[in-house]
Each structure stands twice: as structure tokens, then as C-alpha cells.
Amino acid sequence: AALLAANAQALHWQGRGAVERARIVAKVADLFESNCQELMALAVREAGKSLPNAIAEVREAVDFLRYYAHQAATDGTAAALGPVVCISPWNFPLAIFTGQVAAALVAGNVVLAKPAEQTPLIAHRAVQLFYEAGVPAAALQLLPGRGEVVGAALTGDPRVRGVIFTGSTEVAQLINRTLAARAVKEGVEIALIAETGGQNALIVDSSALPEQVVQDALSSAFDSAGQRCSALRVLFLQEEIADKTIKMLKGAMQELKVGVPDRLATDIGPVIDAEARDNLVAHIEKTKKTAKSFFALELPASLTANGTFVAPTVLEIGSLAELKKEVFGPVLHVIRYRRADLPQLVDAINASGFGLTLGVHSRIDETIDFIAQRAHVGNIYVNRNIVGAVVGVQPFGGEGKSGTGPKAGGPLYLKRLQSKAPELQLAGARPAMPVVKALADWAGANGHSAAVELMRHYQDTSPAHAILDLPGPTGERNTLAFAERGFILCAASSIAVLLNQLAAVFATGNRALLLDGALLAGLPAIAMQNVEVIKDLATHTHAFQVALVDTGTAALLSSRLAAGDGALVSLIDTTADTAIPLWRLVAERALCVNTTAAGGNASLMTLGL
Ligand code: NAD
């Protein structure tokens, strides 16, 4: 019934136009603000949020509403997808729920919203306020219920044209498989934005200011009882400063007050439910046995008897490989490292397959740059904590097993919720691309004129290597870079399609991975240097997150690619003569630097006085 109603409403809602939809969504923001205290109370009651976290929850929801409304009103001319399913987690039951819904709605889609089982009340209140602002009932329908039942039925339904999912990597992989099977059966690509978990690290070298490190580690690991996808899970300490920092960390932890979340004195509330508590306690008990050291706050029995509280815990372990999955709670793992092993340490973080948040505490610019360049992580924070991304300031989202992109609260998000969205408009000319030029010359000489046209377009519009300065508070530098993703799988049934695929891959600074080299014969040497042919999808070692396919190769690949439990791979349908959206071929990397980091300037320490 909900899908019937949604379909019947789809054209009406799209017909309202981007400016009108944006006006309504911006009005929701005003209503959230005027109902702030009720929404906060629901966040505290239903999700166990502390009062400061509840304020932040409402503020982030309002930010999403205004940000996407503004963006749609400014450049929202593309067509909608149709019914979009929004599936959200309990840990940001208002902010993430609202962000998904607001984006899908302003982009012109009708929405079926499935909140987490644990937090339907705040979602219900939010939807009432969307209605009050003027969103028609059939354009936004709330469908609370169990994920395996309601979520699975919705994602499997052929009327659904797009899915926004935030939650665990495992469920994202499941949904990806459902959508891949549907794409084969229905012959169309179904948009998926998945934002999932992380194995987030903070790397601290011996030049860092310990007082600041301790403060930022505590807030990153234990605020919200560690139940943020961005939360710090592994603190890497250079061995020379490890003992001192751990001692300070334990001391500072004593100041944290764990308690009932509706008290102002409380820093850390409960975890979401008994199942989460039991899993966390089991992890702590198991890891304690082999940990090099262990420390946990004592919680009074009066507290633990009446709620699902987990004591903030520090476990010193030997290596990152010991952590098999995300530990979603107030548990901080500490690992010591030697300065000489820094490259291997960053490689190990990359090898975990996750790439959500990463922190660096150092006063040496070369170290900061080295880590930021080498890490395949969506959000990097320098000399500050690693949580609390602000909409439009630190666009948020990860790579690999942490998500598909585009980043929430960033310039590309709405594009994914529309069909044929235009390329991002970037100021200034794009740098010359010799490999694209060589390919265009070859295409021209061999009678592929459509490819030559497309290559010209790619050269002029590629976002590769562009860096946007984002607005933010004084004392912080925020940038969003469009980096190459690395390898992109190209599967074409003809040379005409392959030329288009290779040009898009090269124009975004990527390299191409092919399963069959037969079509490559005669291509210029400079192009071949950026191509690798692999024998088998199952045994190759190059990670990739995007596959370019055509009508001849899509069916074969989509289920095979979705079957694995690694990174979520997005398929893009390509032809010989339509432009491939280049913004989907780049990785968005957000960097936030605290430019006021205390403790002085490292260059002064090295002055030979
Ligand atoms: P979860 O994956 O258990 O549930 C998320 C949502 O998916 C819920 O609404 C659930 O009902 C639904 N769901 C469950 N099974 C489903 C199925 N088979 N089909 C369709 N939907 C289904 O996650 P959670 O425990 O609610 O949230 C915590 C997780 O979310 C953590 O892993 C955290 O890292 C992640 N998270 C990520 C981000 C991000 O932006 N990257 C933000 C917040 C949370």
C-alpha cells in the first residue's frame, strides 16, 4: 500500500519544482528548532543521548535540512529517481534519519523511511513536523519495523529506484546483493548510498602535546558511549611517549561521569540495549586475557543494576590485526609503534578495508602530510578530536568497507539521488591530461568520433585533484579534495565503449582494471601504462570500488561483485556515446586541521640556539 501511494505521488512531488521543495524542507528546519526541547527529550529517552549530545543531534538535523534545501534551490534541476527508501540507524536517530529523508525529498523523490527498531518515536515526531511544513503524506511515509522484514521487503521491491542506507557494513552488503540481483532482473541500475562502520585510528607521534592528545582521545572514544561510526577505536602511540600518555589517559578518565543521560552532570550515558552491552562486555572479557594492559572505570552497582551501562575501557593490544570487526561502544584499544614503522602502520590501517575517520596528532608538518597522503580514509582530522563532523564543513563518509559515497553534507550527495545530474562546476581550467589526449588522438585516427567528443568534455570537467576550501570556524582549515580512487574495473563488449570507459578512468587520475585484454590491441603505450589485465575476479589483489559495465557485461558481473564481503562495489552503466559521471569516479577526502593547536611550533624546537 505504501509503495502504491508513493508511486501515485511521485510525479506530483517532482512537479512541485526544486525551489518549492527546498522552501518546504527549510521550513522543517524552523519547526525542528521551535520543537527543539521535545526532540531532545525524545533523543534522551529513546536513544540514551546525553543532553549535550541531544542538542547536537537537533542541530545536525537542522543543518542537513538547510544545507540540502539551499543546494537544491541553487542547482536542483535534474530529474528525480522515483521512490527512494531511507534506512537509518539508532545512533543518530534524528540527524541521520532527517539527513537521508531531506536529501531524497529535495531532490524530488518520494520517500519510504524505515527508522531503526530501537528509535521509532523520534522518527515519528520528525515526520509529523515534515507534514506540518507542507510535505504531502504520500511523499514521505514512515514504515517502522524490523530490518529483516520491512527493510528487506522495501529494498527488494521493483518499484524502489534508490536506497540510502546508514548502518552496519554487513547489512549494507546484504542490501547491495539484493540490488545487484534486481539490477540484472530489471535491467536498470538502482542507486545505493551506503554509509557504514569504521575501524578508526588516531596516530600520535612524540611531538604531539600530550594534554591535547588525552582530551581529544577521550572525547573521540567515549563521547556518546563510543556509539558513533566516527568514534576512535585504536589509539596508536609512538613508543617513546606511550607510557606517559597512557598514564595521563587513565587519570583523565577518572573525571568522566557515567550516568543517567537526563542529568546535566552526565558525560556518558548507557549503550543502546542489553544485546549491545552483552556483546561489548564479551569483547572486553575476551581481549583482557591477552591484552598487554587493561583499565576500566568502576561503575556503581546502583547504576549497572538499572540500565545498560558499559564502563569506559582501555585495552592495550599488540596489533591492529587482532581487531576483527568494529567494536561499537566505549572501548579504546591502544597500540604502540616505532617511528620507523609509520609507513607500515598507515598501510595496516588501509589494509583493514575500512576507511572512515583518522586522526593525526603531530607538530611536524611532514608527518601530517605523509599520513594524510598515504591513508585511504574519508575524513582526516589533524590535532583535534575525530568526531562531530559538521554538515557542509566536514562532508562525512568513508571508503572501502566504510561506504560508497557520496559524502553526507557534501556537494555530491544530491547528485546521486537524481538521474543525469550535471558535473560539479569547478572554478578555473582543469590541468592537461596527456594520457587522455593520447587516447583522443588514437580514437580520432581510428574513426571513433563520439569518443573524441567525450574526451574533450572529460578534460574540461574532471573534478580530479581539485580541492575545495570549505567554510568553517576561525582556527580550523577545512578542505574537500577529489582524489583518484585507484583502480576502476572496466568491462566493455566493444572498443567504442571501452574507449569511453578508459577516457573517464584516466581523466579522473585512476587506472583501469580489465578482465580481458583482447580489445586493447594497438592502444597507445601511455594508455597501456595505466591498464592492468587480471585473470580472475576471485584471486586478484587490487581493491576497487567502482565498475564500469555495459549491456553485454552488466549481468555477468553484478552478482559476482556483490557476492563478496569486502568493499561495496558500485556499477555504472556505460555506452559508447554518453558521458560517464566523473564525480562518481573520484574519492572525496575531507581534511580538517586545527590551526590553533597549542604547544608551539615544531620548527622552533629544532632551531640551533
Ligand atoms: P544495523 O545495520 O543493525 O541497522 C541499520 C538499519 O538497517 C536499521 O534500520 C535496521 O532495521 C536495518 N536493517 C537491518 N537488517 C536489514 C535488512 N536485512 N534489510 C534492510 N534493512 C535492514 O546498524 P545499527 O546497529 O542500527 O547502527 C550501528 C552501525 O551503523 C554501526 O556499524 C555504525 O558504524 C554505523 N553507522 C555509520 C554511519 C556513517 O555515516 N558511516 C553513521 C552512523 C552509524
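**The ligand shell**

Mentor: Begin with helix 7, which gives the shell around the ligand its largest share, four residues. Helices (H or I, at least four residues) and strands (E, at least two) are DSSP runs, numbered from the N terminus. This is a predicted model: local features need pLDDT of at least 70, side-chain atom pairs count only at pLDDT 80 or more, and totals for chains, interfaces and linings use all residues. Residues are numbered from 1 along each chain as its sequence is written, and side-chain values use heavy atoms, with hydrogens and water left out.

Trainee: How many residues surround the ligand, and which are the closest?

Mentor: A residue is near a molecule if one of its heavy atoms lies within 4 Å of it. Here 29 residues surround the ligand, and the closest are Lys114, Glu117, Ser168, Thr196 and Glu326. Helix 7 (147-155), strand 5 (162-166) and helix 8 (169-186) each supply at least two residues of that shell.

Trainee: How does the shell divide into nonpolar, polar and charged residues?

Mentor: Ala, Val, Leu, Ile, Met, Phe, Trp, Tyr, Cys and Pro count as nonpolar, Asp, Glu, Lys and Arg as charged, and the others, Gly among them, as polar. The shell holds 15 nonpolar, nine polar and five charged residues.

Trainee: Which polar side-chain atom lies 2.7 Å from a ligand oxygen?

Mentor: A polar contact is a pair of N or O atoms within 3.5 Å. The 2.7 Å case belongs to glutamate 326. For glutamate 195, a side-chain N or O atom is 3.3 Å from a ligand oxygen. Glycine 147 uses a polar backbone atom, at 3.4 Å from an oxygen of the ligand. The protein covers 89% of the 850 Å² of accessible area that the ligand has on its own (Shrake-Rupley method, 1.4 Å probe).

Trainee: Now the sheets. What is the strand order in the sheet of five strands?

Mentor: Strands of a sheet pair through backbone hydrogen bonds, either parallel or antiparallel. Two strands pair if DSSP finds at least two bridges between them. The five strands form an open sheet in the order 21-20-19-22-23, with parallel pairing. Strand 21 (531-533) and strand 23 (570-573) each have a single partner strand, so one side of each lacks a neighbour in the sheet.

Trainee: How many bridges pair strand 20 with strand 21?

Mentor: Three bridges, in the parallel sense, with strand 20 spanning residues 511-514. Leucine 513 stands opposite glutamate 532 in strand 21.

Definitions and conventions
A polar contact is a pair of N or O atoms within 3.5 Å; within protein, one must be able to donate a hydrogen and the other to accept it, and residues adjacent in sequence count only if both atoms are side-chain atoms.
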